[in-house]
Amino acid sequence: MQRQLLPEMGCGSRCTPRMPACHTLVVLAFVLSLDMLDGNTVRFNDRYGVLQEMPAGVATLCPPVLSEHTPRQIRYAVTHLKHQRNSMARPRQHAPEALHARVMETCDEWLKEQPVHALSLRNLAREVGCAPSTLLKLYGSFGNLLQHVNLATLDRLRDAIAGQETPSPSERLKALARAYWGFAQRDPYRWQLLFDFPLAQEGELDQRQNAMIEGLFERVEGALVEYAPRVESVEAKRMARTLWGSVHGLVQLGMNERLGLWQGQPLEVTELLDQLLDTMLAGLKVRSEAACAGDAAEAGK
């Protein structure tokens, strides 16, 4: 153990390769007593190899070290042992995967009760049990950390709408809209975080977020194409985003209680969502039928 605390001296050709074990203990005792110096520095006399400021309890132990080893060796020993002591005092390092899981769990608990605006990097680090610098090293910035939370939210949203499969495409779209409204009600602070901060603009986070968002839109596009097979893919993409933007607007107004009252009672968001989809799908059906009639007329000429 003594040799581990003080390995190769490495002081050059004029120095002995190792300090004897008994002298290692002497220097260790000296280093551990540095706190008794009340901020005073340890000064070496390079010419005579003596220490000029040291605790009295250690002074009687140091002559053997000073007589057999140069100040350069002693400096090395003191520096090395102080480094060892500081290293032993450091908190345990977190594995990145375990730390990330702990951070996501802590954010989840926080967002169940409070909005993200009340959360800071320092507060989060305290809840997790690490230094703020540790989180910055793992994520790069607090914004990137929140983007990982958004990824988890998109994953939950995907699971929430995954089971909304019905044979009728119109009923499927209504089920998707209701599931979206239900998700916002169950997890309001997590849902709001999706729109309070800009999405990632580049890198892996950007790719993962875009893939999840596109997956959600593709479900809407697929139902629209199934409902009106003559709709072209580009038009289906635009209609899917127009439709879902309208759904999101109603959900946002419903979450903020800005839809007004009817006969003294708040309007039901689910009823408004059904009315929105019925209206849009009816218009799509008329367009599709008109296109079919036009094609038939062209073929008859």
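Reader: How many helices and how many strands does the protein chain have?
Author: The chain of this predicted model holds 301 residues, of which 36% are buried. Its secondary structure comes to 14 helices and four strands.

Reader: What share of the contacts in the protein chain with a separation of 6 or more is between residues 24 or more positions apart?
Author: The contacts considered here are those with a separation of 6 or more along the protein chain. Among these contacts, the share belonging to residues 24 or more positions apart is 65%.

Reader: Which helices are included in what covers the buried residues of H6?
Author: Helix H6 spans residues 96-113, and its 18 residues reach 26 Å from the first C-alpha to the last, close to the expected 26 Å. Its buried residues are Leu99, Val103, Met104, Thr106, Cys107, Asp108, Trp110 and Leu111. What covers them includes helices H7 (121-128), H8 (132-139), H9 (142-162) and H11.

Reader: Against which helices do the buried residues of H9 pack?
Author: H9 has 21 residues and reaches 30 Å from its first C-alpha to its last, close to the 30 Å expected. Its buried residues include Leu145, Leu146, Val149, Leu154 and Ile161, and the polar Gln147 and Asn150 are also among them. The buried residues of H9 pack against H6, H7, H8, H10 (169-186), H11 and H12 (203-227).

Reader: Is Pro132 buried, partly exposed or exposed?
Author: Pro132 lies in helix H8. Not counting residues up to four places away in sequence, Pro132 touches Leu121, Arg122 and Ala125. Its C-alpha atom is separated by 5.6 Å from that of Arg122, ten residues apart along the chain. Because buried means under 20% and exposed means over 50%, the relative accessible area of 26% makes Pro132 partly exposed.

Reader: Is Lys174 buried or exposed?
Author: Lys174 is found in helix H10. Leaving aside neighbours within four places in sequence, Lys174 is in contact with Asp274, Leu277 and Asp278. The relative accessible area of Lys174 is 11%, and the cut-off for a buried residue is under 20%. Lys174 is therefore buried.

Reader: Are H10 and H12 roughly parallel or roughly antiparallel to each other?
Author: Two packed helices are described by the angle between their axes and the distance between the axes. For H10 and H12, the axes are 9 Å apart and the angle is about 155°. Since angles over 145 degrees count as roughly antiparallel, H10 and H12 are roughly antiparallel.

Reader: How do the residues of the contact of H10 with H12 divide into nonpolar, polar and charged?
Author: The crossing of H10 and H12 is left-handed. The contact is made by Pro169, Ser170, Arg172, Leu173 and Leu176 of H10, together with Arg219, Val220, Ala223, Leu224, Glu226 and Tyr227 of H12. These residues divide into seven nonpolar, one polar and three charged.

Reader: Which word describes how H11 and H13 lie to each other?
Author: The axes of H11 (residues 188-196) and H13 (residues 233-255) come within 12 Å and cross at roughly 130°. Angles of 65 to 115 degrees count as roughly perpendicular and those over 145 as roughly antiparallel. The angle of roughly 130° therefore makes H11 and H13 oblique.

Reader: How many residues of the contact of H11 with H13 are charged?
Author: The crossing of H11 and H13 is left-handed. Pro188, Trp191, Gln192 and Phe195 of H11 meet His248, Val251, Gln252 and Met255 of H13. Five of the contact residues are nonpolar and three are polar, and the number of charged residues is none.

Key: Residues numbered from 1 in each chain as written. Predicted model: local features only at pLDDT ≥ 70, side-chain atom pairs only at ≥ 80, totals over all residues. Heavy atoms only, no water. Axes fitted to C-alpha atoms, helices over the stretch in contact; angles between N-to-C directions. Helix = DSSP H or I, 4+ residues; strand = E, 2+ residues; numbered from the N terminus. Parallel < 35°, antiparallel > 145°, perpendicular 65-115°, else oblique. Left-handed = near helix turned anticlockwise from the far one by under 90°. Contact = heavy atoms within 4.5 Å. Expected span 1.5 Å × (residues − 1). Buried < 20%, exposed > 50% of the residue type's maximum accessible area, 1.4 Å probe, protein only.
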